[in-house]
Amino acid sequence: DFRPLDPLEVGKPCRFEMNIKQADGSPLSADDVALSHTHKIHLLAVDPNLDDYQHLHPEADPLFKGIWRFTLTPRKAGKYKVYLDFIPIRSPRRVLLAASFEVAGQADDFESNHISNLVTEKGRAFRFQITEPEEDGEDTFFTFTAVDENGDDLALKPVMGAFAHVVAFEPSLDGFAHLHPLEYEPPKSADDARYGPLTFSFKSGASGNYRFWAQVKVGEDREESFIPCDLKI
């Protein structure tokens with residue numbers, strides 16, 4: 001059971017409430033969910049043109065079991081797709097639940113390849129560089145780099161137990177791929193940092209246009225950065 005508690009408007013925070021039950025009808029409490037990448041539940045929300053991607057972590061109600069809440073501020077109009085990603089204690093298998101909500105207004109259509117593989121902001125440059133597979137069906141590899149205005153590597157700090165996370169969406173929003181660097185070096189502490197390019201592997205179910213979102217925390221930034229890129233596979 002997934003519902004907004006406030007009016008859904010562009011640019012305004014909206015509280016959401018979820019009532020999640022397990023297969024036997026019992027409520028899914030915080031004690032029933034394993035930690036995964038430092039959190040109990042990961043919530044991924046994206047608008048229909050893939051321009052507003054948000055990664056949030058719902059919190060369990062301290063009194064009422066099965067009730068989870070989060071707050072989201074939509075930046076676009078249209079029907080958002082929401083995915084819940086978590087691992088129940090009773091089973092080590094990851095569970096994905098899907099929901100949606102609609103924000104009033106005229107929604108934009110997805111426009112492929114309108115986001116460059118180079119994103120610059122605040123004197124920083126983030127780049128995705130793809131390596132095409134030699135044969136159909138093989139993995140596609142790409143590197144992600146983050147440098148300052150002098151071309152020096154930026155310090156990437158831990159985000160949910162890794163130095164970067166990348167999520168890939170296709171325009172149909174039938175699902176997503178969650179990718180981690182192949183240079184998997186678990187951070188030793190919150191102050192740990194990594195410099196230099198990170199490599200990712202992506203195997204698509206079909207050829208077409210995909211939007212990738214990298215989630216990183218740079219240096220002493222308080223907030224994480226979300227970097228988009230369009231890739232044709």
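The largest pocket in this predicted model is lined by 15 residues, and H55, R75, E223, E224 and F226 are the ones that lie nearest its centre. A pocket here is an open set of points on a 1 Å grid over the protein atoms alone, with protein on both sides within 12 Å along at least five of seven lines, for a 1.4 Å probe, and lining residues have an atom within 4 Å of a point. The volume of the largest pocket is about 350 Å³, a volume being the space filled by probe spheres set on the points.

| Class | Residues in the lining |
|---|---|
| Nonpolar (Ala, Val, Leu, Ile, Met, Phe, Trp, Tyr, Cys and Pro) | four |
| Polar (the others, Gly among them) | four |
| Charged (Asp, Glu, Lys and Arg) | seven |

Residues are numbered from 1 along each chain as its sequence is written. Because the model is predicted, local features need pLDDT of at least 70 and side-chain atom pairs count only at pLDDT 80 or more, whereas totals for chains, interfaces and linings use all residues, and side-chain values use heavy atoms, with hydrogens and water left out.

The protein chain holds zero helices and 17 strands, where helices (H or I, at least four residues) and strands (E, at least two) are DSSP runs numbered from the N terminus. For 233 residues a compact globule would have a radius of gyration near 17 Å, and the 18 Å of the protein chain agrees with this; the radius is taken over C-alpha atoms, and the globule rule is 2.2 Å times the number of residues to the power 0.38. Of the contacts (heavy atoms within 4.5 Å) with a separation of 6 or more, 60% are between residues 24 or more positions apart.

Buried residues make up 43% of the 233 residues, with buried meaning under 20% relative accessible area, exposed over 50% and partly exposed in between (1.4 Å probe, protein chains only). Both C14 and C229 are buried, each with a relative accessible area of 0%. The count of disulfides, pairs of cysteine sulfur atoms within 2.5 Å, comes to zero.

R124, found in strand β10 (residues 124–131), counts as buried at 18% relative accessibility. Apart from neighbours within four places in sequence, R124 is in contact with V119, V147, L154, V218 and D221.
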